[in-house]
Amino acid sequence: MVVLCSVICLFLYWDAIRQRECRSEEYRQAYVEYQSRPKARVTNHEISYEWKDGEMWLDSRMTLQNRNQERLSEIVLYLNPSLEIYSLKEAGNDMGYHRDLQVVVLERQLLPGDTISLHLSYKGKIDEAICYLDVPFEERHNVGRYDPGKRRGLFNFGTRFAYLGENYTLLHPEILWYPVAVPPINMVSPYAREINFSEYTLRVKTRDGQQVLSQGEPEYGTGEVFFKNRQKLPGITLCIGNYHKKEIEIGNLHVEFYYFPGHELFFEGYTEIQGEKLSKVLAMLKGRLEARSGRGYPFQKLMLVKSPLSFVSFLRKWKTGSEFVQPEFVFLGERAASIPSYVPMTVAKKFAKERQENLDDPEGIYSVERMGLQSNVTLLQQKLHDILPMYYDFTGFLSSGTYPAANMLLSKMFISKKKYTIGNTGLRPDDMLAIDCLKQASLKEILSNDSLPDKVQARIFELEAGALAAYLSTSVAPEKLYQFSEQLSSGTQFEEITLEQIARNFQVDLGVDLLPFMDKLYQREGLPSFDIRDIQVQQIITDGFPKYQVCFKVWNMSDMDGVISILADDETVDEFMSKREGGIAVDFNMPLREKYYMIPAGVCKEVKFIMNGDHGYIGTNLAANFPGDYNIPLVKEGISKIREGMEGIWDIDRRFFENSGEIIVDNRSEQFQLIDSGERKRLPFLTKERKSTFKASLEKKEWTEMFTAESYGIPVRSAFGKVSGTGTGKAIWTADIKETGKYEVFFYHQVSSLTYPPISSVFTGSLLHYKVCNSLMEKEVIVEADIIPVGWVSLGKFDFPVGKAQVILDDRGGEIKADAEDKSAGLVQVHGVPDDKLPVKKQLIIADAVKLVRVKE
């Protein structure tokens, strides 16, 4: 009997899921069918809400306008399919309409520019199956399972997309709890979405003991609360529940924290950060969030609201952020159970005591609490809870039928201005995958590729946004570009604007036609590829703080035009600090100098640049080069000096890039082979489906390809590495000798270290075992890796006959003792572990490139 009941319950459970998925499919098809219809816009929307007789009753008084160039033969609205419309009037008269699930078609024409006023009355409950129709079934079904890292696990909190009930309500725009003229999703082409900014008011009948939350300023009356917004919004949210509230003022921002009774965990343990101290710390953190987005927070309040753990949302590649973030709202799971990075302050202090940090004095306690609060606030920069949409999508939207996702692209472009002058050497697998995709397809084709992982597509947008900024900066000074962004933001705030309007403003204000750049970006297939070499730095003799001239050569080896940029500090650190009162800097955003140069396909150039600071890098701005940034090496000791510097770009002959008398075999060459434990390894990049690894595995004894800025390579800088072994693992470079003679053999040396377990290529005692072979001889050369410079290192001069020659590196290392020093800058340090439990230090063997240079006799 128990088994039978279990089977019946399981069947009913899966049948409910099946029925919900069937409804979702019907809703998808309805969206698709009506997507191409011209849409009206809601300019004003007054909503009244009341919970009565086990369902919600709403009134909508809305004004619609036809902003299209053509007449609307009928007006299309969208409303949750479970809500029943029991009255629809225009000027007191009934209006004819028909429904197709969530689609409401008004049998009324509307001429261009004309408006109408409607009064809708509707009631009922909601069908959550209308939400997230673009998210695969498997992901929607399993999202409620709990695992801090993978959102999977034994326990299942349930999956709810919204709530409607007597005791708790949470309704957001995607649930269609009120009628809209623009659907929340474009099921035909998600990136070509539209947003309708409207003036909203909301009146809610209240019940005792419940907090009513929505956007805007609340005005409390007898048995009701009225919300009026100062700005137009893309949609509004309603949340009603038994919440407790804490609030604080941060300048002109009112922050409110709503939590369930008995859930004070977030506030427990904070004893030193109170009152004015708390306001100062939060003001500092608010400043960091604004610096990240490049804009001030646009609203008057921010509500951090705890929500049931079963309330879920998703990141979708065609929009920024998730439904957890709405204008003025951030929803956080109760007790922070679904937030992997959250550590309660009581636990953080316990950990601090275990680390023997001083918690006896107020300063020590304050430091731990400040770091804990800072860590919690960083949640607002992460994935599902990232508040970036508040600064961009919720304050204005750029729509374009010709260029899908133009809003995302330009938004990312305007916030992509780098605040640092050290090249991007922190690499992710998504970077290489994104570059590979762009080598083979245009951005327009990539947007229609549903099989591409979301992370890769998101990275492509970031790279394309940076590339667009670089291309525009060859014609417009970067500071003017960002000034245009700010003027555009302030002038069209809380409005929908078309790309054509922006292009007209761009032409008038900056004298540049934006649309050809957009055409190039969307239609380009392939990427430029650069050979950057001979980066030299000379000090310019001055009376004040030092200045430097940077010189380098660049060859665009591809058939695609590309852009080279130079970004550098505009002051030295000493000069920067001397201008601050008392030598103390409030922040370390150094002033920057930027230069952008177009490098046509096949052209060679020499570039000179004046660097007024200590750091800088050369960027390739979305090219086949990987890593794409080249740090400018500034070694002050023994630096060459000149009296006058110069700046500009000049044509040079391609012979500067010819390696006459040199044979170079890189680790990505077909003439490079690897052997793992006596077994030959076919290199992954020579197979059809290349798989790249971005960090060495310490557990496996295999050669692993590592991408680092310190490696040799054109255009890809990489090397293979593995933990030292017994000599059975080998790297083999084969060169074809065309002329008999004496050749000097070099290998490319770099340093690389990982902190834990301790592994380094340059521990004290590190050895490299090379062998130089040809048909006449075989010579072993042992190199002390910890005392040689980085770059090309000579193995000696040898006589070579015509034919094959090989350089072989085996995986034997040196004897690395427990007290061996890491010569790479002391990166390998192990703290807090008893000496008898320290892991054994291991040498990292690196195989990069070899070079044979003909010796003149």
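Leucine 622 is found in the loop that joins strands E27 and E28, where helices (H or I, at least four residues) and strands (E, at least two) are DSSP runs numbered from the N terminus. Leucine 622 has a positive phi of about 60° although it is not a glycine. With 10% relative accessibility, leucine 622 counts as buried; buried means under 20% relative accessible area, exposed over 50%, and partly exposed in between, with a 1.4 Å probe and protein chains only. The loop between strand E27 (616-619) and strand E28 (629-631) also holds proline 627, and the peptide bond leading from phenylalanine 626 to proline 627 is cis, with omega near -5°.

The model is a predicted one, in which local features need pLDDT of at least 70, side-chain atom pairs count only at pLDDT 80 or more, and totals for chains, interfaces and linings use all residues. Residues are numbered from 1 along each chain as its sequence is written, and side-chain values use heavy atoms, with hydrogens and water left out.

Other backbone features can be described in the same way. A cis peptide bond runs from isoleucine 714 to proline 715, with omega near 0°, and proline 715 sits in the loop between strand E34 (704-707) and strand E35 (718-723). Aspartate 534, which is not a glycine, has a positive phi of about 55°. Aspartate 534 belongs to strand E22 (residues 530-540) and is partly exposed, with a relative accessible area of 38%.

For the chain as a whole, the secondary structure comes to 14 helices and 45 strands. Of the 857 residues in the chain, 53% are buried. Among contacts (heavy atoms within 4.5 Å) with a separation of 6 or more, 76% come from residues 24 or more positions apart.

Helix H7 (residues 406-414) has eight of its nine residues buried, so this helix is largely enclosed by the rest of the structure. The buried residues of H7 include Met408, Leu409, Leu410 and Phe414. They pack against strand E20 (397-399), helix H10 (454-473), helix H11 (478-491), H12 and H13.

The last two of these helices also meet one another. The axes of H12 (residues 499-510) and H13 (residues 514-523) come within 8 Å and cross at roughly 125°. That makes H12 oblique to H13: angles under 35 degrees count as roughly parallel, over 145 as roughly antiparallel, 65 to 115 as roughly perpendicular and the rest as oblique. Here the axes are lines fitted to C-alpha atoms, for helices over the stretch in contact, and angles run from 0 to 180 degrees between N-to-C directions. On the H12 side, Leu499, Ile502, Ala503 and Phe506 take part, meeting Leu514, Leu515 and Met518 of H13.

Rings of Phe, Tyr and Trp (its six-membered ring) pair if their centres lie within 6.5 Å; planes under 30 degrees apart count as stacked, over 60 as edge-to-face and the rest as tilted. By this rule the count comes to 34 aromatic pairs. In one of them, tryptophan 57 and tyrosine 86 have ring centres 5.6 Å apart and planes at 65°, so the pair is edge-to-face. Tryptophan 57 lies in strand E2 (residues 55-65) and tyrosine 86 in strand E4 (residues 83-90), so their pairing ties together parts that are 29 residues apart in sequence. Tryptophan 57 is buried at 19% relative accessibility, whereas tyrosine 86 is partly exposed at 40%.

Tyrosine 243 and phenylalanine 260 form a stacked pair, 4.9 Å centre to centre with 20° between the planes. Tyrosine 243 is buried, with a relative accessible area of 4%, and phenylalanine 260 is buried too, at 14%. Both belong to a cluster linked by ring pairs, whose members also include Tyr168 and Phe331. Serine 307, in strand E17 (residues 301-307), is buried, with a relative accessible area of 2%. Not counting residues up to four places away in sequence, serine 307 touches residues including Tyr168, Tyr243, Phe260 and Phe331.

Finally, glutamine 750 occupies the loop between strand E37 (741-749) and strand E38 (753-754) and is buried, with a relative accessible area of 3%. Its C-alpha atom is separated by 5.1 Å from that of valine 790, which is 40 residues away along the chain.
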